[in-house]
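Please read it alongside the sequence and the model.

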Amino acid sequence: MVLIACLWKMDDLSSYADHMVFQPCAPFLAAPWAAGVAMSLSTFTERTNNERRKKELAAALVLITLVLVVVVLYPWRMETVRLRALLAQDCLRVGATRVAMGKWIEANVGKDDAVAADEAGAIRYFGKRKTLDLSGKNDAESLADKAGAILKAKPALIVTARKNPSRVSLEQDLWSPLKLGPGKVVYLKPVFAIDLDGDFITAYKTSYEPPRDF
Amino acid sequence: MLSLWVSCKITTMKSAPQKAERKERREAIFRLALIPALAFCFIFSSNLFLNFQLDGAYPAREYFPLDASYSSLVYASSFSRNARFEFSPVGSGAGPVSPLWSILESPFMLLSKKTGTPAEVPVFFLAPALAAALAICVYSWGRESFGGVAMGGLAAAAVTLDPGLCYSRFSGTEIVLCCCLLVSACHAWQEKKIIAASALSALASLTRPESAALLLLFVAFESRSMQGLKRRLTLVAPTLAVFAAWALFSHRAAGHFLPPWFRADLDPSFSFKKIYWVTLKTGFNEPYLWWGLGLIFYVIGAAAMVSRFKTRAAPAIVFPWPTWSLSPACGRWTT
């Protein structure tokens, strides 16, 4: 197993999504593991055993158990350190981008206006506005036809997340057309943006007719 | 040979009266030490995760790490207002990923309205409370399954200190609830409490649909007698009702029997082989199984379960392996 571990290079499992798949299985793997450790160690406490050979076997088992437990403690620490940093990073990312955008929407967007966003949970919760989820996870229409859903709901604001901050400039204050299909165009103007280490989330004001200053 | 050693150990422990007396004394000491020890594990691990400073702040105390956590709060808010799962007045419906989790969150939404505190504050404490309940469930199941207070206690400590589950404790998602329900269902089935196992399995399926894999194992390992057939029907009926209701709700709200979040997650570039290896590696990256080293202890523990419960131990042992590898096929890898 150690040989396999050496040969099999550990991947950088940076996402919690991989762990979410595994989590419900964890108690069913951890509990027998812990019981196995306890059973192996309990050999140590049985002192009525007078036969020399059995004593030697018990000592060997305890030694192996302790070595293996110590070996396991190191990755336990490593994984704890990695995941607690990941938790803080993920919380900070969601808080500084999605939650902040939601709060900005609540303060700056009209109460009857609709908003469209590609990850809409925090934006809907904090924004308190009618929200179209463009990912389709919370909206069947967007899943079937994103462009059609936008044209039907006509959101006053579209929020998108990009990895390339250089493509959006609030200072330019320009409208840009977004083609949604043949003859269907929505005009977008960036009005608010948040940049968190390359996670660039932008709110675009929308116009469904060519704007005067276009 | 290993299972022989385990069964020999159990039988000798049972037969010698002196040993039994010593075991009782030892268990009494373990029982006394258990509550402070588990409380320490819980506080220690929570402190590690909550008090991690980043950019001069403690983000884990203020926000949830996933956007999906806030989506479930939106559904909880809707459920508390009009007993309906509605994401937004625009667009068509969808329904939450975990209906039971949103239902559990909904009383906190009402509470927040009355008290004026943000709803995410009481919800923040819900999963840690369930994590404490999970430790109790695992202890109770482990003590019965492995035949000792120490075994149950250590199992509960391992689950409490599990780094992945610690993350889940503060993620505002349904995972800890699902673990509680699955472990309790397994315990109930081992104790031949069929109605409890059936109800808990149905609730687990309402939390995460892939939990139904455990129910299938209960059905597969149930005895083949006429009474066994009756028990099988009792086991599957509530879960089938849950899935039927869910499918009908999806069809009514979104025009499809499968919920939109499920279909949205089905990546067209899906490669089962790739996903299988990613999840397999994630599991083997868990500290207690670290690259297979922990498997030695796992096999000893599993052998102890089999020697006590025979086929009644099988679902708990079999469940992790296909679920671990097959749950990505349910579209869970991009949550």
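Two strands count as paired if DSSP finds at least two bridges between them. Strands (E, at least two residues) and helices (H or I, at least four residues) are DSSP runs, numbered from the N terminus. The model is predicted: local features need pLDDT of at least 70, side-chain atom pairs count only at pLDDT 80 or more, and totals for chains, interfaces and linings use all residues. Residues are numbered from 1 along each chain as its sequence is written, while chains are lettered from A and ligands numbered from 1 in the order in which they are written.

**Strands of chain A**

Strand E5(A) pairs with E4(A) and with E6(A). Both pairings are listed here.

| Pair | Strand residues | Sense | Bridges | Residues between strands | Positive phi |
|---|---|---|---|---|---|
| E4(A) and E5(A) | 176-181 and 184-196 | antiparallel | five | two | Gly183(A), about 75° |
| E5(A) and E6(A) | 184-196 and 199-207 | antiparallel | nine | two | Asp197(A), near 45° |

Each pair forms a hairpin. Ser176(A) has Leu188(A) in E5(A) as its bridge partner. Ile194(A) is bridged to Ile201(A) in E6(A).

Helix H7(A) spans residues 146-153 and holds Leu151(A). Leu151(A) has 16 C-beta neighbours inside 10 Å, so it counts as partly exposed (20 or more would be buried, 12 or fewer exposed, with C-beta atoms placed from the backbone). Leaving out residues up to four places away in sequence, Leu151(A) touches Leu180(A) and Lys184(A). Contact means that C-beta atoms, placed from the backbone, lie within 7 Å. Val185(A) is 34 residues from Leu151(A) in sequence, with a C-alpha to C-alpha distance of 9.1 Å.

**A helix pair in chain B**

How do the axes of H10(B) and H12(B) cross? H10(B) covers residues 194-207 and H12(B) residues 226-254; their axes come within 8 Å and cross at roughly 25°. Axes are lines fitted to C-alpha atoms over the stretch in contact, and angles run from 0 to 180 degrees between N-to-C directions. The two helices are therefore roughly parallel (under 35 degrees; over 145 is roughly antiparallel, 65 to 115 roughly perpendicular, the rest oblique). The H10(B) and H12(B) contact has 10 nonpolar, five polar and one charged residues. Ala, Val, Leu, Ile, Met, Phe, Trp, Tyr, Cys and Pro count as nonpolar, Asp, Glu, Lys and Arg as charged, and the others, Gly among them, as polar.

**Between the chains**

Chain B puts 98 residues in contact with 75 residues of chain A. Helix H15(B), residues 295-309, gives the most to that side of chain B, with nine residues.

Conventions. Two residues are in contact if their C-beta atoms, placed from the backbone, lie within 7 Å.
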